[in-house]
Amino acid sequence: MKKGKSISVFRRLGLGLVQHIVAAIVMVLIASVLFNSFLTVTTMNGPKIYSLDPLNQKSSFEDSEVFRDLFQTAVNDVIRLGVIREQMETNHKFDASKVIDVTAFMKRYGTAGRNYGEATAKFKMEDLIIWVRYGLEYKNRTMSLSEFVNYYQEACIPENYTVDDYGNLTFTGYHEPEEQDEQYAQKYEAILSKMAEYTEAQLEDMAFSYVMSKTSEGIALNKEDDGNLTVYVNSLVFRYATTDHQTQLYDLVDGWPEFIQLQRNIVDASNTLAENYELYQNCAKLYAEGKSNLKYVIRMRNAEGEKDMFSNIPDLAELDDEKLTEVFEENSKYLIYYPNSLEIMGNEDFTEGNVFELLRAAHYPFLEDVYIWISLDTSYEVKDDAFSIASEMYERIVPNTAGILTILIALLIIWVGIFLYLTVTAGSVYAEDGSVKHYLNAFDKIWTEVFLCTIAGFGYGIYRIILYLRQMTMTVYETRMSLGSGAKNVLLTQYGLYAAVGFWFSVLLCLLWYSLVRRLKSLNAYKNSLLRLVINATYGAFETVMAHQSSLISVLLPYMIFLMLNFVSLIGIILFQDPVKRAVLLVFLLIVDVAVGIRLFKKNAEFNDIIDGINRIRSGEVEYKLDTGKLHGMNKFLSDAVNNIGEGIDNAVKTSVKDERLKTDLITNVSHDLKTPLTSIINYVDLLKRTNIQDPQAKNYVEILENKSQRLKDLTDDLVEASKISSGNITLNLEVLDLGELLQQTIGELSEKLEAAKLKVVAEIDEKPSLIYADSRRMWRVMENLFNNICKYAMEGTRVYAEVKVTDNAKVLLQIKNVSKAQMNIHADELTERFIRGDSSRSTEGSGLGLYIAKSLTNVLGGNFEIQLDADLFKVNIDFPLYQQDKKE
Amino acid sequence: MTQILVCDDDKEIVDAIEIYLSQEGYQILKAYDGEQALELLGHNDVQLLIMDVMMPKLDGIRATLKIREYSSIPIIILSAKSEDSDKILGLNVGADDYVTKPFNPLELVARVKSNLRRYTSLGAMNGDGKLQYQVGGLTINDENKQVFVDGEAVKLTPIEYSILLLLVKNLGKVFSINEIYENIWNEEAIGVDNTVAVHIRHIREKIEINPREPRYLKVVWGVGYKIDAEQ
């Protein structure tokens with residue numbers, strides 16, 4: 001089922017190539033759309049650029065946004081042109097020497113309702129325009145204080161003052177004087193009485209201070225060192241004389257206010273004219289007869305108050321209104337505006353308000369007298385105007401654009417399709433057995449970070465390339481603009497560049513993307529990363545430090561770092577004023593401290609686990625293993641060591657148990673094998689004994705044979721017994737028994753033997769029941785061995801003292817004392833070793849295992865067995881815990 | 001003529017046993033493995049079988065199991081295996097007695113005799129009188145104070161007899177030395193005395209074939225003495 005996810009390398013490469021070529025074609029198409037989606041048309045305000053939205057285009061140019069905007073621009077231009085023509089033309093011709101009365105000009109075209117004064121000067125229009133071109137110059141003129149006060153009217157009138165909250169008089173600016181009647185006196189009583197306290201000079205000072213703080217209109221006041229005031233006024237330096245040949249402005253005016261007003265009018269009028277002259281130059285050409293498909297007639301009042309017609313088709317000016325309207329309505333796009341009709345005739349989106357706005361913007365005062373006829377010939381007979389160029393380009397571009405866009409989208413779908421297909425199959429190949437393997441090439445094995453940096457670099461490169469392409473596209477567009485016609489000459493290299501960018505973008509993107517996919521698929525994005533390397537190295541270093549043998553490094557170093565962090569953070573918290581920084585530091589400090597605390601806690605918990613483990617191993621649970629997976633540093637090391645030790649003990653114990661068992665098995669088997677020939681020996685010795693042997697020597701030999709064979713039998717029995725006890729391979733039948741009773745039984749049982757050894761047993765048994773919990777037959781074996789031992793090694797004719805005692809600390813003690821026959825040159829402990837006997841010659845009978853078996857059995861049954869030697873005094877102490885009935889039940 | 005089949009893979013042991021038993025007047029058949037023993041049993045009138053455990057072809061335990069399918073003749077197992085568990089196994093599969101190697105020839109002969117008596121002639125001894133107690137091969141006639149072991153009279157001193165009677169009258173009960181003393185001598189036991197233990201030992205020497213491995217008077221070490229009722 002995974003078969004579909006793997007394809008051959010050649011198919012991959014082929015598909016990749018197709019994909020990249022598709023990308024190149026897509027880019028070329030995009031370039032063509034971009035190169036052809038700009039329209040440039042020349043308007044009165046200069047070239048205007050339209051970008052065509054390739055996705056939203058009406059089929060007909062006349063219905064498009066571009067057309068609408070163009071038409072509106074044209075209407076705007078024409079209306080302004082009408083106003084400007086009125087300003088600059090005499091009898092519909094440009095008149096450079098037209099006389100301009102600046103004040104009248106400003107009243108007509110300036111801001112409505114503003115006072116432009118009465119004083120005026122007349123200039124030739126060209127003088128004013130050129131004057132502005134060369135720049136207006138000013139110089140300072142001095143104004144006397146009385147002139148200044150006069151200019152600013154009376155300062156010392158109550159209307160200019162108020163009394164503030166502190167009872168001081170304050171100048172509040174110039175106000176018109178009011179009529180001085182009863183009401184007036186009442187109204188300004190307080191101010192008047194206050195003013196009476198000040199001298200005239202003081203009041204003027206206040207006014208001066210006020211004016212000083214609000215110098216304006218080119219007037220600068222200056223208080224000289226001698227206390228006199230000087231007033232400077234910016235006054236225009238005349239470059240051109242008026243038509244009356246006046247060269248000094250103040251000759252034309254009466255006083256400063258008029259001077260300043262007139263000067264301002266001149267400046268404003270000149271600037272307006274200069275500006276309009278520029279527009280006139282542009283528009284006159286654009287909308288001249290035969291240069292535009294647009295025709296217009298504007299009728300308005302000229303400066304003389306007469307009705308005047310402006311048109312780019314002079315013939316039309318002769319027609320009356322109705323005729324004009326008929327003519328203009330013939331064209332498919334038109335606008336006809338009558339000032340007294342609320343409705344606008346026309347088939348474009350214009351309202352009366354729009355026209356009003358346009359006229360107002362052109363500063364034309366007589367709105368009610370303006371009639372406008374504008375229409376456009378949509379057959380575009382004039383070839384080079386904005387409309388025909390735009391129409392031509394539009395018709396050329398838009399239908400193509402739709403087709404191009406369709407192809408573009410189709411190609412993009414193909415590209416994305418291949419992209420997705422190759423993404424799914426990336427990094428998978430058929431292995432020989434048909435299974436799918438994930439593979440990585442050399443490129444995929446570089447560090448993930450480097451790879452990511454490459455991607456980032458790739459992204460930045462794309463960004464730069466897009467910027468470059470944009471710039472190049474703009475260049476193409478600008479070239480086209482400067483040509484003033486359609487973009488017919490886009491270079492092949494420019495398309496080529498787009499294609500190359502598309503191709504290489506596709507190649508690089510796929511290279512990086514498939515590599516990323518392969519990395520993710522084979523899950524080695526992290527494995528191959530530098531981050532992992534760094535983390536591993538850090539962790540390794542950390543582990544090394546933590547597991548270091550020297551406490552100086554493993555404890556002191558982290559502790560110092562911890563202290564330093566705390567110290568630095570605390571200092572920071574104290575020093576930083578910024579609460580945000582403080583909070584950040586505080587949080588950091590808390591995190592560090594809590595983390596260290598948690599670590600210490602965890603470490604301690606781990607440590608406790610280890611101690612618990614050690615205790616369990618110590619108490620015999622040698623198979624116990626500490627879980628080292630969740631431990632760290634020193635603790636891991638420690639727990640590993642504990643596990644090793646435990647394992648060692650476990651192995652040792654197992655081996656030893658196994659060895660003992662093997663040994664026991666061996667001994668048991670050997671003893672079985674020994675017993676069979678021994679049986680024959682014993683039997684035939686016995687038979688030999690029964691024959692009638694005359695020779696006393698021979699009789700003696702047979703006797704010896706009988707004894708030794710008997711001893712051999714005892715030896716084998718003891719051997720098996722001893723090895724079984726030492727390997728723990730015996731089963732115990734524990735029951736309650738009385739050690740005193742046992743002693744009595746033993747003495748009775750062995751009485752003949754003891755008598756034969758000429759020994760007298762003195763027994764003393766505690767009156768309290770000396771109960772112990774043991775295996776009775778094994779205990780008998782212990783007693784039998786002890787007394788047999790005594791019979792063999794005790795000095796003849798001596799007494800043997802045996803005592804059973806219940807001690808205060810709940811123990812039952814059995815003590816047997818006798819005097820040794822031979823001198824004992826052996827340590828007491830050695831007597832209970834295997835095959836050790838008091839006499840090293842081993843000449844006496846016995847296996848040498850008696851005491852060993854006695855001691856081992858005692859220990860197995862839970863008692864203590866001790867031998868004491870005091871010169872020839874041989875002492876055996878056996879003690880068992882006292883069996884306490886009430887406790888057990 | 002009593003025929004005894006002796007079966008052991010060690011020829012010398014078989015020969016030795018033959019010598020001992022022939023002296024006692026028994027006729028001996030010899031076999032050296034389990035199969036041979038079974039074959040001989042099938043063709044001869046055998047009264048008792050002595051058999052080793054570890055033998056080739058068919059071991060003693062299996063042979064015993066087979067024999068017990070059709071015959072109830074006394075079987076004495078003779079084995080080098082001396083563990084308690086071995087003995088218990090042997091007796092459980094149907095053997096009447098278990099003797100460990102190396103064995104005392106006289107003990108073996110005694111056990112053979114004992115088993116033969118019980119097998120052949122014991123039934124005739126029954127029903128003499130009311131004052132008669134019997135445990136296995138041990139019979140006590142209280143009327144004439146006689147004690148028989150496997151039909152043979154045993155001579156006991158009066159105290160020994162009283163002790164034995166006390167134990168036989170209370171089969172299974174364990175008597176401590178003091179209890180026996182108080183019962184027999186009718187006075188309180190004071191101090192340590194091994195009289196009772198010595199008497200018990202003497203009784204065992206008289207009524208048991210091997211006093212160290214008593215069949216009747218058993219020592220419960222550290223507790224006392226008892227005679228168990230027959231299983």
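Guide: Let us begin with one residue and its surroundings. Setting aside neighbours within four places in sequence, I374(A) is in contact with V75(A), V78(A), L294(A), Y296(A), Y334(A) and L335(A). Please bear in mind that this is a predicted model.

Visitor: Which residues have the most contacts inside the largest nonpolar core?

Guide: They are L70(A), V78(A), I372(A), I374(A) and A390(A), in a core of 71 residues. The largest share of this core, 12 residues, comes from α2(A). A second, separate core has 70 residues, and L719(A), I747(A), I853(A) and V196(B) are among them.

Visitor: How should I read a sheet, and what is the strand order of the open sheet in chain A?

Guide: In general, the strands of a sheet pair through backbone hydrogen bonds, in either a parallel or an antiparallel sense. The open sheet here has five strands in the order β13-β12-β16-β14-β15 of chain A, and the pairing is antiparallel. Its edges are β13 (307–311) and β15 (345–346) of chain A; each has a single partner strand, so one side of each is left without a neighbour in the sheet.

Visitor: How many bridges join β14(A) to β16(A), and how many join β12 to β16(A)?

Guide: Five bridges join β14(A) to β16(A), the two strands running antiparallel. Within that pairing, L335(A) has I374(A) as its bridge partner. Strand β12 (residues 294–301) of chain A is joined to β16(A) by six bridges, again antiparallel, and there L294(A) has L376(A) as its bridge partner. Both L335(A) and L294(A) were named above as contacts of I374(A).

Visitor: How many residues of helix α23 are buried, and what do they pack against?

Guide: Helix α23 (residues 850–860) of chain A is mostly covered, with nine of its 11 residues buried. Among these buried residues are Y852(A), I853(A) and K855(A). The buried residues of α23(A) pack against α19 (696–727), α22, β24 (864–870) and β25 (873–881) of chain A. After α23(A) comes G862(A), whose phi is positive, near 95°.

Visitor: What is to be noted about backbone geometry elsewhere?

Guide: Most residues other than glycine have a negative phi, and most peptide bonds are trans. K758(A) is not a glycine, yet it has a positive phi of about 55°. K758(A) is found in the loop between α21 (751–756) and β20 of chain A, and it is exposed, with 12 other C-beta atoms within 10 Å. K145(B), also not a glycine, has a positive phi of about 50° and is found in the loop between β7 (138–141) and β8 (146–149) of chain B. The peptide bond from K101(B) to P102(B) is cis, with omega near -5°.

Visitor: Where is P102(B) placed, and what unit do β4(B), α4 and β5(B) make?

Guide: P102(B) is in the loop between β5 and α5 (105–120) of chain B. As for the unit, β4(B), helix α4 (residues 84–92) of chain B and β5(B) form a right-handed β-α-β unit. Its strands β4 (residues 75–79) and β5 (residues 97–100) of chain B pair in the parallel sense over four bridges, and S79(B) stands opposite T100(B).

Visitor: How many residues of each chain are in contact with the other chain?

Guide: The contact involves 30 residues of chain A and 26 residues of chain B. On the side of chain A that touches chain B, the largest share, 11 residues, comes from α18(A). The residues of that side divide into 12 nonpolar, 10 polar and eight charged.

Terms used
Residues are numbered from 1 along each chain as its sequence is written. Chains are lettered from A and ligands numbered from 1 in the order in which they are written. This is a predicted model: local features need pLDDT of at least 70, side-chain atom pairs count only at pLDDT 80 or more; totals for chains, interfaces and linings use all residues. Two residues are in contact if their C-beta atoms, placed from the backbone, lie within 7 Å. Ala, Val, Leu, Ile, Met, Phe, Trp, Tyr, Cys and Pro count as nonpolar, Asp, Glu, Lys and Arg as charged, and the others, Gly among them, as polar. Two strands pair if DSSP finds at least two bridges between them. A nonpolar core is a set of buried Ala, Val, Leu, Ile, Met, Phe, Trp, Tyr and Cys residues joined through C-beta atoms within 7 Å. A residue is buried if 20 or more other C-beta atoms lie within 10 Å of its own, exposed if 12 or fewer, and partly exposed in between; C-beta atoms are placed from the backbone. A crossover is right-handed if, with the strands pointing away from the viewer, the path from the first strand over the helix to the second runs clockwise.
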